[in-house]
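Please look through the sequence and the 3D structure shown here before reading on. The report below is meant to be read with both of them in view.

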Amino acid sequence: MGNQSASLPHADPSVHKRISDVIILVGFMGAGKTTVGAELARLLGWSFEDLDDRIQSREGRTIEEIFRDAGETEFRRCEHLALRELLSEPESDCRVIALGGGAFAQEKNVSLLQDMNVRSVFLDAPIEELFRRCQQQGLHRPLRQDEAHFRRLYESRAPLYRAATFHVETNGKAVPQIAAEIARTLGISPSK
């Protein structure tokens, strides 16, 4: 993914110039994308954004409400528009962006990221650990359901996540350790 250099025909040229200063974190529910993303941004002196927060702000309702009132198809549409908007902003700051668990499993989102040559990092852990983390967090996740469904959903998405530029195992590691590993892997020096 990181080796492609095609740009979107309608993309702002300034976006393409700065896209190397964007890191996208992908992975399943409970992988730590938001927590690690915030720490990685702090470590690098970059800004951080969670795509789900952007969606909720744009839509004026929670992720749960979008799923409940309009269904997953409408949520995925909102998600893609929010991602496109975020990547098209002419801001010059470097950013870490955490995607929701299903965002990287959507072909049009992956194509957008590939076309813009954005680096992506797949955060992973054993399925049992991911399920445990989700239970502990106490957050409502519309697609979590029971452990068997959780496992099937993970298994269907895992091959897609593996298409990310880099893969980082998070199990048994502290958040600062994971953030430092990502920075090293990407060859980015922490800010002083």
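## The chain as a whole

This is a predicted model, and every value given here should be read with that in mind. The chain contains 8 helices and 5 strands, and, when they are followed along the sequence, their pattern is α-β-α-β-α-α-β-α-β-α-α-β-α.

Of the 192 residues in the chain, 47% are buried.

In what order do the strands stand in the open sheet? The order is β2-β3-β1-β4-β5, and the pairing is parallel. Because β2 and β5 (residues 166-169) each have a single partner strand, they stand at the edges, and one side of each is left without a neighbour in the sheet. From one strand to the next, the twist averages 25°. As a general point, the strands of a sheet are paired through backbone hydrogen bonds, and this pairing may be either parallel or antiparallel.

The individual pairings can be traced through their bridges. Strand β2 (residues 47-50) is joined to β3 by 4 bridges, with the two strands running parallel, and here D50 stands opposite A98 of β3. Strand β1 (residues 22-26) also pairs with β3 in the parallel sense, over 4 bridges, and V22 has R95 in β3 as its bridge partner. Another 4 bridges join β1 to β4, again with the strands running parallel, and in this pairing I23 is found opposite R119 of β4.

## The two faces of strand β3

Which residues of strand β3 point one way, and which the other? In this strand, which covers residues 95-98, R95 and I97 point one way while V96 and A98 point the other way, and all of these residues are buried. This can be set beside a general rule, namely that side chains in a regular strand alternate between the two faces of the sheet.

## Helices α4 and α5

Helix α4 (residues 63-88) packs with helix α5 (residues 107-115) at an angle of about 10°, and their axes are 10 Å apart. Because of this angle, α4 is roughly parallel to α5.

The residues of α4 that take part in this meeting are R77, E79, H80, L83, R84 and L87, and those of α5 are K108, N109, L112 and L113. Sorted by class, the contact of α4 with α5 is made up of 4 nonpolar, 2 polar and 4 charged residues.

N117 is placed in the loop between α5 and β4. Its phi is near 55°, which is a positive value in a residue other than glycine. With a relative accessible area of 22%, N117 counts as partly exposed, because the range for partly exposed residues begins where buried, under 20%, ends.

S120 lies within strand β4 (residues 119-124). Is S120 buried or exposed? S120 has a relative accessible area of 0%, and therefore it is buried. A polar atom of the S120 side chain lies 3.0 Å from the backbone nitrogen of T165.

Technical notes: Residues numbered from 1 in each chain as written. Predicted model: local features only at pLDDT ≥ 70, side-chain atom pairs only at ≥ 80, totals over all residues. Heavy atoms only, no water. Axes fitted to C-alpha atoms, helices over the stretch in contact; angles between N-to-C directions. Parallel < 35°, antiparallel > 145°, perpendicular 65-115°, else oblique. Contact = heavy atoms within 4.5 Å. Nonpolar A, V, L, I, M, F, W, Y, C, P; charged D, E, K, R; others polar. Buried < 20%, exposed > 50% of the residue type's maximum accessible area, 1.4 Å probe, protein only. Pairing = 2+ DSSP bridges. Polar contact = N/O pair within 3.5 Å; in protein donor to acceptor, adjacent residues only side chain to side chain.
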